[in-house]
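The model is a predicted one.

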Amino acid sequence: MAVFPPSAFWDFSLALYARAGVPEACLRLQARHGVDVNLLFFCLWVGHAHGGMLDRAAVERLKARVRAIHDDVVRPLRAARTALKPMVAEASGEFGAMLGRLRAEVKRIELDAEHIEQLMLDAERPSLAASAAAVAPRDAARANAETYLAALDVSPDASDRADLATLIAALDGAESRTKT
């Protein structure tokens with residue numbers, strides 16, 4: 001894996017993603033609405049760790065900032081990794097081993113690209129017009145996540161609200177391991 005500068009946001013994201021139910025909730029939101037999980041986590045982190053409330057203009061600016069790396073690099077790498085999975089399962093012998101190594105390398109590069117996307121987001125935090133929240137950190141995180149979904153033109157249904165609740169419930173455990 002490439003060597004990147006330390007990032008509290010990266011640490012937060014890894015800790016949050018490791019919490020029970022979070023990967024599944026993220027995959028469902030990604031599949032239903034094209035959610036960029038890095039951007040969703042950033043919105044959660046700004047609210048929960050920094051008490052910032054993001055408005056739609058800030059979220060739109062963040063989306064624009066990472067659009068190219070996410071759409072042109074992260075998503076195609078994810079698609080390649082996903083396409084290789086059944087090929088690895090069906091192949092045998094040396095060919096199967098070669099496909100397995102290729103998939104592992106694509107996954108490594110995908111994680112590096114996601115890390116770069118997160119560093120790009122993190123670099124934007126000081127310039128955000130995020131108002132200090134007069135609400136609890138979890139409520140600020142929830143509001144930021146809802147603002148992000150609104151920026152995707154998503155009106156959350158019961159499934160979306162359940163997935164967001166899973167993410168919000170996981171915040172305390174993730175944050176306690178990654179103080180900023």
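The side chains of glutamine 118 and serine 13 are joined by a polar contact of 3.0 Å, and the side chain of glutamine 118 also makes a polar contact, of 2.8 Å, with the side chain of asparagine 38. Glutamine 118 itself belongs to helix α5, which spans residues 93–124. Once its neighbours within four places in sequence are left aside, the residues in contact with glutamine 118 are Phe9, Trp10, Ser13 and Asn38. The relative accessible area of glutamine 118 is 2%, and because buried means a value under 20%, glutamine 118 counts as buried.

From here we can turn to the helix pair. Two packed helices are described by the angle between their axes and by the distance between those axes. Helix α2, made up of residues 22–33, packs against helix α3, made up of residues 37–50, at an angle of about 120 degrees, and their axes lie 10 Å apart. That angle makes α2 oblique to α3, while the crossing of the two helices, α2 and α3, is right-handed.

Which residues of α2 and α3 make the contact? On the α2 side they are Val22, Cys26, Leu29 and Gln30, and on the α3 side they are Val37, Leu40 and Phe41. Sorted by class, the contact of α2 with α3 comprises 6 nonpolar residues and 1 polar residue, with no charged residues.

Conventions:
Residues numbered from 1 in each chain as written. Predicted model: local features only at pLDDT ≥ 70, side-chain atom pairs only at ≥ 80, totals over all residues. Heavy atoms only, no water. Axes fitted to C-alpha atoms, helices over the stretch in contact; angles between N-to-C directions. Helix = DSSP H or I, 4+ residues; strand = E, 2+ residues; numbered from the N terminus. Parallel < 35°, antiparallel > 145°, perpendicular 65-115°, else oblique. Left-handed = near helix turned anticlockwise from the far one by under 90°. Contact = heavy atoms within 4.5 Å. Nonpolar A, V, L, I, M, F, W, Y, C, P; charged D, E, K, R; others polar. Buried < 20%, exposed > 50% of the residue type's maximum accessible area, 1.4 Å probe, protein only. Polar contact = N/O pair within 3.5 Å; in protein donor to acceptor, adjacent residues only side chain to side chain.
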